Amino acid sequence: MWKGLLQEYKEFLPVNERTPRLTLHEGNTPLIHLEELSKQFGINLHVKVEGANPTGSFKDRGMVMAVAKAKEEGSKTVICASTGNTSAAAAAYAARAGMRCIIVIPDGKIAMGKLAQAVMYGAEIIAIEGNFDEALAMVRKLSESSPLTLVNSVNPYRIEGQKTAAFEICDQLGKAPDVLAIPVGNAGNITAYWKGFKEYNEKKETGLPQMRGFEAEGAAAIVRNEVIPNPETIATAIRIGNPASWQYAVDAADSSNGKIDEVTDEEILKAYHLLASTEGVFAEPASCASLAGVIKQLESGEIIPGSTVVAVLTGNGLKDPNTAIDSSHFKPVVLPNEEKAVFEHIEGVMAS
Ligand code: F0G
């Protein structure tokens, strides 16, 4: 039975005999081959389904490590700023570890499922009339003077936990892919994957992928090479204008012959619907920046036909039911409770 990341990857992680073996059995997520889209695009396309983690996003990988170390060090309270997924994971692992969790979120700009999670796991929730970058600046400052452990991805243990996804991809494919496509927000995850691919390659000669990271157009600070004071995108998870791991993301792209690029909200939504309706995989909008980026760079010729490509799907589609409904022009057909009317309608649908 899969025992969770701290147990399974202990030789790669800062785990010692005093580290609590915290787990919700995170990790070991599916790598799904996309049969139909591979055919359509002329590549060998897989998705790493991080929405299959216990709280529905990749954040569980980093959070299990960060919260376990906080507990080991005697901390009683963790704090983070979040666009939603970090706060859900922090709240869950803090509950599991018997610790308090304080989260600071941009008011009205986090998806409903994520807010529901923070409420259920019992976090103290502070919503500010500001954005993620402003919330992060506040919690960073406060954690310097208060007995709080900061569990945003500037906490190095987060990166350690998150690098395990790269290990899994190498084991699932038998080697690293040619291209790793990943959404970029605060840029912690691309940093973690690059570290993971390099470490695994050193130990097991699994090779290195091109790292291709994708920001949302309205929040593309790295692409523009300037801080965006008021980032905007439908992909609220990556609505970030001053990524904390900026330089690490640039380094990952440069040293792997990859690129940090941007995708529009329209491209994100198109990929989001295509993925769910063609392959049966429902990932939240920010996640689909990776697939949107693959489509864009196939068209530009930057990704070459025949490549083995892994697109990271960072969060579960159920996190954000509102975007799913609002972007689907969905109108329920309401019929009287009569066999004849229902049968006629379904027969009409089948004939069309
Ligand atoms: N995808 C999803 C679903 C996310 O929630 C995030 C980040 C990212 C991609 C980007 O990852 O920041 O490491 O570059 N969410 C953070 C949060 C900011 O607060 O949940 P990154």
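Residue numbers start from 1 along each chain as its sequence is written, and side-chain values use heavy atoms, with hydrogens and water left out. Because the model is predicted, local features need pLDDT of at least 70 and side-chain atom pairs count only at pLDDT 80 or more, while totals for chains, interfaces and linings use all residues.

**Stop 1: an open sheet**

Select strands E3, E4, E5 and E6. Helices (H or I, at least four residues) and strands (E, at least two) are DSSP runs, numbered from the N terminus. These 4 strands make an open sheet with parallel pairing, in the order E5-E4-E3-E6. Two strands pair if DSSP finds at least two bridges between them. The edges are E5 (124-128) and E6 (149-150), each of which pairs on one side only. Strands of a sheet pair through backbone hydrogen bonds, either parallel or antiparallel.

Now show E4, residues 100-106, with E5: the two pair in the parallel sense over 5 bridges.

Contact here means heavy atoms within 4.5 Å.

**Stop 2: helix H4**

Select residues 85-97. The 13 residues of H4 should span 18 Å at 1.5 Å a residue, and the end C-alpha atoms are 18 Å apart, which agrees. The expected span is 1.5 Å times one less than the number of residues.

How many of the 13 residues of H4 are buried? The count is 11, so H4 is mostly covered; buried means under 20% relative accessible area, exposed over 50%, and partly exposed in between (1.4 Å probe, protein chains only). Among the buried residues are Asn-85, Thr-86, Ser-87, Tyr-93 and Ala-97. To see what covers them, display H3, E3, E4, H5 (112-120) and H7 (156-162), which are included in the cover. Gly-98 follows H4 and has a positive phi, near 70 degrees.

**Stop 3: Glu-72**

Select Glu-72, which lies in helix H3 (residues 59-72). Its side chain is joined to that of Thr-19 by a polar contact of 2.7 Å. A polar contact is a pair of N or O atoms within 3.5 Å; within protein, one must be able to donate a hydrogen and the other to accept it, and residues adjacent in sequence count only if both atoms are side-chain atoms. Leaving aside neighbours within four places in sequence, Glu-72 is in contact with Asn-16, Arg-18, Thr-19 and Pro-20.

**Stop 4: strands E7 and E8**

Select E7 (residues 179-183) together with E8: the two run parallel and are joined by 5 bridges. Val-179 has Gln-210, in E8, as its bridge partner. E8 is mostly covered, with 6 of its 7 residues buried.

In the loop between helix H9 (188-204) and E8, find Glu-205. Phi of Glu-205 is near 50 degrees, a positive value in a residue other than glycine. With a relative accessible area of 71%, Glu-205 is exposed.

**Stop 5: helix H12**

Select residues 265-279. At 1.5 Å a residue, the 15 residues of H12 should span 21 Å, in agreement with end C-alpha atoms 21 Å apart. Which residues of H12 are buried? They are Ile-268, Ala-271, Tyr-272 and Leu-275. Looking down the axis of H12, these fall within an arc of 105 degrees, so they line one face of the helix; the arc is that of the directions from the helix axis to the C-beta atoms.

The buried residues of H12 pack against E8 (210-216), E9 (259-263), H13 (289-299), E10 (308-313) and H14 (321-326). On the face turned away from the buried side are the exposed residues Glu-266, Lys-270 and Ser-277. Just after H12, Gly-280 has a positive phi of about 75 degrees.

**Stop 6: Ser-328**

Select Ser-328, in the loop between H14 and helix H15 (339-351). Its relative accessibility is 36%, so Ser-328 counts as partly exposed. A polar atom of the Ser-328 side chain lies 2.6 Å from the backbone oxygen of Ala-324.
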